[in-house]
Amino acid sequence: SLDFLTSTAGSGTGTEDLPEHNPASRQDDGIRTVTDNVSESWGVDIAGSRVTVVLGAKLTETITDDKTHSLLVWVTESRTYKGVIDICPDPSGGVPLTVTTRIQIDTSTGKSVSSDATLDLHGHVNDQAGLASVDASYENHSKLSGSSIDLTMANMSLPGTANGYDGSSVNTSSATGSVNTTGDATASLKFAVSDFGLGVNLVEPVMEAAQKLWRNGRCVVVAVPEYNAETPRKIAEQGSVQHTEEVDTKSDTTFGVTLKHRYGAPPRAPVDLSLSGEDKLDTEHLDAAPGTITYTAPSDEGKTATVTMTSTSKRGIGKLVIEFDTKSKKLALSMNGSMTFGSGSITLTAQFRASSAAFKPVGDGTYRASLPATTSYILTFPGENCSSANGTEGRGTLVFTGTIDQGPDKKPVWHVKLDGKRSVVHTNETACGKSFSDVLLSGTSGGLVGAMASIAGVITLPVDGGTVHVNKNLSGLHMSATFVATVPK
């Protein structure tokens, strides 16, 4: 029941007695009738990691004469068992477990039997959160048929195991004790010694259950405050992800790691980390918490990595698993601007616009966006019978490529530039019998707007979107443009 009793946060303290009354049983042999009445109760008190369970039972047996219905004899037997354990090791790794037993038997003949016994076990937990050994001591004070015994035994030990301790391997080489008796206490002594062995074996599953709890997050808690994530309380959830954080490709994410205790002061203990997935952690060990860890995401999107943080010490084991997802980058780009040229008698004024389009991954950390583009211009080109012309608006596509890189402040940024080989914008560039591209833009396929984007070069944009203004001059060309990046939902 230890798991159930400590499985709810804030269980607090309180004692509850739940009686169970069994129906009376009768046996009649035609001469006498034997009637047995049994009542039972159990109570639980939970104070943090300290659990107290009290079991009680009372048997009343009567024997009556079938003819006279007179009471011939009666016997009452009352038993109380009280067990107390702290499921969380103290700072030195100690785990106390105490069981006290009270038995009282009374009869109508005036004879009575009583026995009071206390079994004290004290577990020692090692640095690997395993039960290394258990110290044992025992007291029994019994009275039976005019005899009595006072027995004490101390300095005994039991070897710890993964399942608690080995109750069949009691080490008595350093044991101390004393025995005081009155009357013929042989039977009482045999009972006391057997009661010790019985008690040690009966409560072994209790220590085993406690060890399972302190080794599975019931005591020590690993936490990442930034994500409001911490070691779960339930054993079945120890290996499950408690938080998923979306991160950018090639980004560095730093988070803090702390240690807590569900019921007491935080342990001073190391934390080991392991990464399953891409890309890397800056360290896989903290000598003590609190501390900080940096996770570097891979260059490709759609990748998942889990980080398992485990603290192991005499106080127990706490584990926390968080996940990092390298999310798909979303960015849409649009632009508009103008370009002018003046060289002698030739002048140009152009307006251009490229509609918004989203970047999509094409592999190896590269993204591509195809922007529908238009341009119009006025050209002055003196010649025979001709001085100027209005260019017909052209339509086509400008293709931009983008990568996510680390900016000067170590935060991710977009680096975007025109892909001239994939960009095509068709315009009516003939004025006065001359091809404008032949005169000024020989070798370009993106028309005027493509020339503008080429002049702009590499454009740096915030990873979460933003606006960038570019003004450049090149061989008499003046370009002014505004690039607007947004993050689509």
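**Entry 1: D405 and K250**

I began with D405, which is partly exposed at 25% relative accessibility. The model is a predicted one. I then looked up the partner of D405 and found a salt bridge with K250, in which the closest N and O atoms are 3.2 Å apart. K250 sits in the loop between β13 (241-247) and β14 (252-261), whereas D405 belongs to strand β25 (residues 386-406). I noted that the pair links distant parts of the chain, 155 residues apart. For K250 I read a relative accessible area of 35%, so K250 is partly exposed.

**Entry 2: other salt bridges**

I checked the exposure of both side chains' residues: R102 is partly exposed at 35% relative accessibility, and D116 is partly exposed at 29%.

I also recorded a salt bridge between the side chains of R79 and E77, at 2.5 Å from N to O. R79 has 31% relative accessibility and therefore counts as partly exposed. As background, I noted that side chains of opposite charge can pair when their charged atoms come close.

**Entry 3: the disulfide**

I looked for disulfides and the count came to 1. The bond joins C88 to C219, with an S to S distance of 2.0 Å. C88 is in the loop between β4 (71-86) and β5 (94-107), and C219 is in the loop between α3 (204-214) and β11 (220-224), so the pair ties together parts that are 131 residues apart in sequence. I read a torsion of about -90° about the S-S bond of C88 and C219, which means the disulfide is left-handed.

Are the two cysteines buried or exposed? C88 has 5% relative accessibility and is therefore buried. C219 has 0% and is likewise counted as buried. The cut-off that I applied for buried residues is under 20% relative accessible area.

**Entry 4: sheet and hairpin**

I traced an open sheet of 5 strands in the order β12-β11-β14-β18-β16, with antiparallel pairing. Its edge strands are β12 (229-230) and β16 (280-281), each of which pairs on one side only. Between β11 and β12 I found 2 bridges in the antiparallel sense, and A223 stands opposite E230 in β12.

I then turned to β31 (residues 466-474) and β32 (residues 477-486), which run antiparallel and are joined by 9 bridges. These two strands form a hairpin with 2 residues between them. In the turn, S475 has a positive phi of about 50°. I noted that K472 stands opposite M479 in β32.

**Entry 5: surface patch**

I located a nonpolar surface patch formed by W42, L55 and Y81, with about 270 Å² of accessible area together. W42 is placed in strand β2 (residues 32-47). Its relative accessible area is 35%, so W42 is partly exposed.

**Entry 6: whole chain**

I closed with the totals. The chain contains 5 helices and 32 strands. Of its 489 residues, 41% are buried. Among contacts with a separation of 6 or more, 59% come from residues 24 or more positions apart.

Note on methods:
Residues numbered from 1 in each chain as written. Predicted model: local features only at pLDDT ≥ 70, side-chain atom pairs only at ≥ 80, totals over all residues. Heavy atoms only, no water. Patch = residues over 30% accessible without salt bridge, like charges linked within 9 Å, V, L, I, M, F, W, Y side chains within 5 Å. Areas by Shrake-Rupley, 256 points an atom, 1.4 Å probe, with all protein chains shown as cover. Salt bridge = Lys/Arg side-chain N within 4 Å of Asp/Glu carboxyl O. Helix = DSSP H or I, 4+ residues; strand = E, 2+ residues; numbered from the N terminus. Buried < 20%, exposed > 50% of the residue type's maximum accessible area, 1.4 Å probe, protein only. Contact = heavy atoms within 4.5 Å. Pairing = 2+ DSSP bridges. Disulfide = S-S within 2.5 Å.
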